[in-house]
Amino acid sequence: MSAPHLSVDRERCIGAGMCAMTAPDVFDQDPDEGLVLLLHAEPPAAHQAAARLAAGVCPSGAITLHAPEPGGRP
């Protein structure tokens, strides 16, 4: 089964930092603007639960979690 894919909308991000605090191995914040930085668009299995939680707690909805496509990438 393939991993979920993440994307971020930096224009929508308000710099709350919830993503970086919730899943620091997947997200960071730009040191100049404080906006989200996506470190791993397809996080390893060990970080997928935290990435899902981070997408859910983002106050601006700037993180999108795309479900894996059946028969898609390995």
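**Exercise 1.** In this predicted model, place S7 in the secondary structure and state which residues S7 touches.

Solution. Step 1: S7 belongs to strand β1, which covers residues 5-8. Step 2: leaving aside residues up to four places away in sequence, the contacts of S7 are L38, A62, I63, T64 and H66. Step 3: for H66, the side chains of the two residues also make a polar contact of 2.8 Å. Step 4: the C-alpha atoms of S7 and L65 are separated by 6.7 Å, although the two residues are 58 residues apart along the chain.

**Exercise 2.** Describe the fold of the chain in terms of its helices and strands.

Solution. Step 1: the chain has two helices and four strands. Step 2: in sequence order these elements give the pattern β-α-β-β-α-β. Step 3: among contacts with a separation of 6 or more, 62% join residues 24 or more positions apart. Step 4: of the 74 residues in the chain, 31% are buried.

**Exercise 3.** Which residues have the most contacts inside the largest nonpolar core?

Solution. Step 1: this core has 14 residues. Step 2: L6, C19, V26, F27 and I63 have the most contacts inside it. Step 3: the largest share of the core, three residues, is contributed by α2. Step 4: taking L6 as the example, its contacts include V26, F27 and I63, and also L38, H40 and A51, with residues up to four places away in sequence not counted.

**Exercise 4.** How many salt bridges are found in the whole structure? Work out which parts of the chain they connect.

Solution. Step 1: the search finds two salt bridges. Step 2: in one, the side chains of D30 and R10 meet at 3.5 Å, N to O. D30 lies in the loop between β2 (27-29) and β3 (36-38), and R10 lies in the loop between β1 and α1, so this pair ties together parts that are 20 residues apart in sequence. Step 3: E33 also forms a salt bridge with R10, with the closest N and O atoms 2.9 Å apart. E33 is in the loop between β2 and β3, so its pairing with R10 ties together parts that are 23 residues apart in sequence. Step 5: by relative accessible area, D30 is buried at 16%, R10 is partly exposed at 28%, and E33 is exposed at 52%.

**Exercise 5.** Which residues form a nonpolar patch on the surface?

Solution. Step 1: the patch consists of M18, M21, L53 and V57. Step 2: together they have about 370 Å² of accessible area. Step 3: the elements that give two or more residues to the patch are α1 (18-22) and α2 (45-57). L53 is one of the residues in helix α2. Step 4: for the chain as a whole, the accessible surface comes to about 4,600 Å², and carbon and sulfur atoms account for 54% of it.

Notes. Residues are numbered from 1 along each chain as its sequence is written. This is a predicted model: local features need pLDDT of at least 70, side-chain atom pairs count only at pLDDT 80 or more; totals for chains, interfaces and linings use all residues. Side-chain values use heavy atoms; hydrogens and water are left out. Patches are made of residues with over 30% relative accessible area and no salt bridge: like charges are joined within 9 Å, nonpolar side chains (Val, Leu, Ile, Met, Phe, Trp, Tyr) within 5 Å. Accessible areas come from the Shrake-Rupley method with a 1.4 Å probe; for residues, only the protein chains shown count as cover. A salt bridge is a side-chain nitrogen of Lys or Arg within 4 Å of a carboxyl oxygen of Asp or Glu. Contact means heavy atoms within 4.5 Å. A polar contact is a pair of N or O atoms within 3.5 Å; within protein, one must be able to donate a hydrogen and the other to accept it, and residues adjacent in sequence count only if both atoms are side-chain atoms. A nonpolar core is a set of buried Ala, Val, Leu, Ile, Met, Phe, Trp, Tyr and Cys residues joined through side-chain atoms within 4.5 Å. Buried means under 20% relative accessible area, exposed over 50%, partly exposed in between (1.4 Å probe, protein chains only).
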